[in-house]
Amino acid sequence: IIKYVIKENNNRMEIIAGVIENSTQNAIIKSLKYKSLGVNKLLVISPFYNKTNNEGMIQHFTKIAQAVDIPIILYNVPSRTGVNIDLSVIRDLMKVENIIGIKEASKEE
């Protein structure tokens with residue numbers, strides 16, 4: 001699907017691909033694959049099911065960001081993943097150069 005979208009898009013707009021993996025290593029593999037296909041940005045979901053702590057969440061996103069040099073948008077959707085990306089985690093991840101934003105889908109204010 002990604003190959004088709006990139007081909008049909010013909011550089012008319014940026015393509016953001018979703019990385020939906022609960023394993024950091026699998027998320028890195030998928031991220032690198034998407035980059036090689038020509039994706040412009042990644043929307044990376046928090047690791048679901050694992051219910052990681054804050055440090056684990058920071059390590060997960062940081063390792064992905066270090067492995068791939070395209071912009072990353074965090075995706076916080078605790079109703080689907082079972083975990084919320086805490087504000088303290090977001091503050092730490094703001095220091096990672098290619099993490100550029102967050103898609104917020106929690107009910108927290």
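Here are some notes on a few spots in this predicted model.

1. Val-5 sits in helix H1, which covers residues 2-9.

2. Next, have a look at the loop between H1 and strand E1 (16-19), where Asn-10 is placed. Phi of Asn-10 is near 50°, a positive value in a residue other than glycine. Asn-11 is in the loop between H1 and E1 as well, and its phi is also positive, at about 60°, although Asn-11 is not a glycine. As background for checking these two, most residues other than glycine have a negative phi.

3. On to helix H3, residues 54-67. Its length checks out: 14 residues at 1.5 Å a residue should span 20 Å, and the end C-alpha atoms are 20 Å apart, so the two agree. At the N-terminal end, H3 is capped by Asn-53, which has a side-chain oxygen 3.3 Å from the backbone nitrogen of Glu-55.

4. Which residues of H3 are buried? They are Met-57, Ile-58, His-60, Phe-61, Thr-62, Ile-64 and Ala-65. For reading that pattern, recall that an α-helix has 3.6 residues a turn, so residues three or four places apart point the same way. Met-57, Phe-61 and Ile-64 are among the buried ones.

5. And what do the buried residues of H3 pack against? The partners include two helices, H2 (24-37) and H5 (87-93). Strands E2 (41-45), E3 (72-76) and E4 (99-104) are packed against as well.

6. Last, Thr-81, which lies in helix H4 (residues 78-81). Its relative accessibility is 4%, so Thr-81 counts as buried, the limit being under 20%. The Thr-81 side chain has a polar contact with the side chain of Ser-46, at 3.4 Å. Leaving out residues up to four places away in sequence, Thr-81 touches Ile-45, Ser-46, Phe-48 and Tyr-49. Ser-46 is therefore on the contact list and is also the polar partner of Thr-81, where a polar contact means a pair of N or O atoms within 3.5 Å.

Terms used
Residues numbered from 1 in each chain as written. Predicted model: local features only at pLDDT ≥ 70, side-chain atom pairs only at ≥ 80, totals over all residues. Heavy atoms only, no water. Helix = DSSP H or I, 4+ residues; strand = E, 2+ residues; numbered from the N terminus. Expected span 1.5 Å × (residues − 1). Buried < 20%, exposed > 50% of the residue type's maximum accessible area, 1.4 Å probe, protein only. Contact = heavy atoms within 4.5 Å. Polar contact = N/O pair within 3.5 Å; in protein donor to acceptor, adjacent residues only side chain to side chain.
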